[in-house]
Amino acid sequence: MRVRQITHIIGLLFVIGVISGNAQANNLKTEKAILTAPPMVPPPLNRDHSAKVVIKLETKEQIGALADGVDYVFWSFGDTVPGSFIRVREGDEIEFHLSNHPSSKMPHNIDLHAVTGPGGGAESSFTAPGHTSTFSFKALNPGLYIYHCATAPVGMHIANGMYGLILVEPEEGLPPVDREYYVVQGDFYTKGEFGEAGLQPFDMAKAIDEDADYVVFNGSVGSTTNENALTAKVGETVRLYVGNGGPNLVSSFHVIGEIFDTVYVEGGDLKNHNVQTTLIPAGGAAIVEFKVEVPGTFILVDHSIFRAFNKGALAMLKVEGAEAEAIFSGKQADSVYLPEGSAIQSLENNHMAVTAKTKAEQIRFGQRVYEANCMACHQSNGQGIPSAFPPLAKSDYLIANPMLGVDAIIHGLSGPVKVNDVTYNSVMPAMSLNDQDIANVITFVLNSWDNPGGQVTANEVAKRRK
Ligand SMILES: [Cu+2]
C-alpha cells in the first residue's frame, strides 16, 4: 500500500509497528463488512479469530423528510440518518474506504471513536466530492462507538445527520439475545419553528444557541413509530444499541414501561443493572438490554420530556403475545372517587371580610381577591392559558351572564364550557369565599381588561347561593 510505504521512511518506531501489522495482516482472512440501515443491526460475527474487514461507506447530500411536510437537506453516511451500522470484532484490522458521491457540494470525512489514531481517521479520510479515500486501523478496544463527519464546520456536518454507530464486539462476543436494534438520537436546527412546512434550511444561530427545533430518533419525527415501530414477542430479550449524534443535547434515554435489565454504561465494559433512565452524552452511546414480559406498545423517549412530546424524540417498540396478568393486570376497575361528596374539590381561601360601600371599593378589594385566588389559573391579565384555563378578559360566557361566574366560584365548574368559540373541558375547583368577596371579585373582573363593566352585589350573590 502506497501510504504505508511512505510511513516506512518517516520513522523507525512506526516502521516496526507497521511491519508487525503487515505480518499479521498477511495471516488474516479478508471479509467484507455487512452494513445495515437503521433500525437494523448486522448479525453477530460469531468468529473466534481476527479478520481483515473491508468497509465501504458513501457520503451523500440529499433531501429527506424531517417530519410530516417538513423537508431537510440531510448529509449522510450510507444514505440514512444515522448512517449504516458497522459491526467488527476486537482485534480486527479494518480497511476503510470512504467515497463522497459526485453530487456532493461539500468534502466529508469520518472520525470513528473506535479508532486509535489522530482525528479518529478524520484527516486520513478527508474526501472531495467524486473521490474515495482509504485508510486502515486496528480495533483495539471493544465497545459501542459513535462515528461522525469531522469536516469544518464540524457542528454543521453533524447537525445535518452525519453520524452513526460502530460496534466492536469483544473477542468472546456479546451474549445472545432475540432481537437487536439500532437507534440514534440527534438534534436539528431549522429556520422555521417545529413543524413549519416546506424545505427548511439549517439555522446556524440556533445551533450555536443549542436551541433545537427537533430532537428525533433515527433522523426524523415518527421514523420509528406505528407501522415502523420496533417489534418483539413476549418472552424475548431485546438489545438496543443507542447512540447520540448530538450535535448538542445529552439524552436521558428511557423506555416507558420497561426497566433495563442491563446497561453497558457509555457503551463500555461496565454493566449496570435495573436501570430506569440512562444518560447518553453527545458523541456517546449505550447498550441496553431487557426482557419483554408483557405485550403492549413501549415508548422510547428522551426523558427531557418536552423533547419527546414536542420535538419528536419518541419511538415505539410493539410487543405482541399473551397477557401476563401476574406482572401487569391492565386496568381492573374504574370507580367514582368522591372524597367530599363531589367530583369538585373546594379550595380553602384567605378570607378578607371587608365590606365595600361603593363600586370603586368593590373593584379595589376585588382585585386582591383575584390576585389571591384566581390569578394562578386565569393569569394576571385575565388572559387564561390556551387549552387549560379560559380567559376572563372579554369572556363572552361571563359577560352574557355574570351570575354564571358567581356559580363557578360557589360550586366549581367542570365539563365542557365554551368561551369565545373555544371549548374548555377541565375542572375549576369551588372556592370557599364569602358573598362579599365573590361580589367584589366578579365586579373587579367585569371592570378590568377592556371588559364592558357591570356590578354584582353581595345580596345578589346570597340570593344566587340559595
Ligand atoms: Cu461531512
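Helices (H or I, at least four residues) and strands (E, at least two) are DSSP runs here, numbered from the N terminus. This is a predicted model, where local features need pLDDT of at least 70 and side-chain atom pairs count only at pLDDT 80 or more, while totals for chains, interfaces and linings use all residues. Residues are numbered from 1 along each chain as its sequence is written, and side-chain values use heavy atoms, with hydrogens and water left out.

How far can you trust it? The chain averages a pLDDT of 90 (the predictor's confidence in each residue, from 0 to 100), and 90% of the residues score at least 70. Over residues 1–25, though, the pLDDT is below 50. Where pLDDT is low, the predicted coordinates should not be read in detail.

Now for the metal. The copper ion has His 108 (ND1), Cys 149 (SG), His 157 (ND1) and Met 162 (SD) as its protein donors, 2.0 to 2.5 Å away; donors are N, O and S atoms within 2.8 Å of the metal (3.2 Å for Na, K and Ca), and water is not among the atoms, so sites may look incomplete. The four donor atoms subtend angles of 88 to 135°, so the arrangement is tetrahedral (four donors, all angles between 85 and 135 degrees). His 108, in the loop between β5 (93–100) and β6 (111–112), and Met 162, in the loop between α3 (154–159) and β9 (163–169), are 54 residues apart. Both are buried (under 20% relative accessible area, 1.4 Å probe, protein chains only).

Elsewhere, α6 (359–373), α7 (375–378), α8 (396–400), α9 (402–411), β23 (413–419), β24 (422–428) and α10 (435–446) each supply at least two residues to the lining of the second largest pocket. β23 gives the most, with five residues.

Definitions and conventions. Contact = heavy atoms within 4.5 Å. Tetrahedral: all angles 85-135°; square planar, octahedral: opposite > 155°, others 65-115°. Buried < 20%, exposed > 50% of the residue type's maximum accessible area, 1.4 Å probe, protein only.
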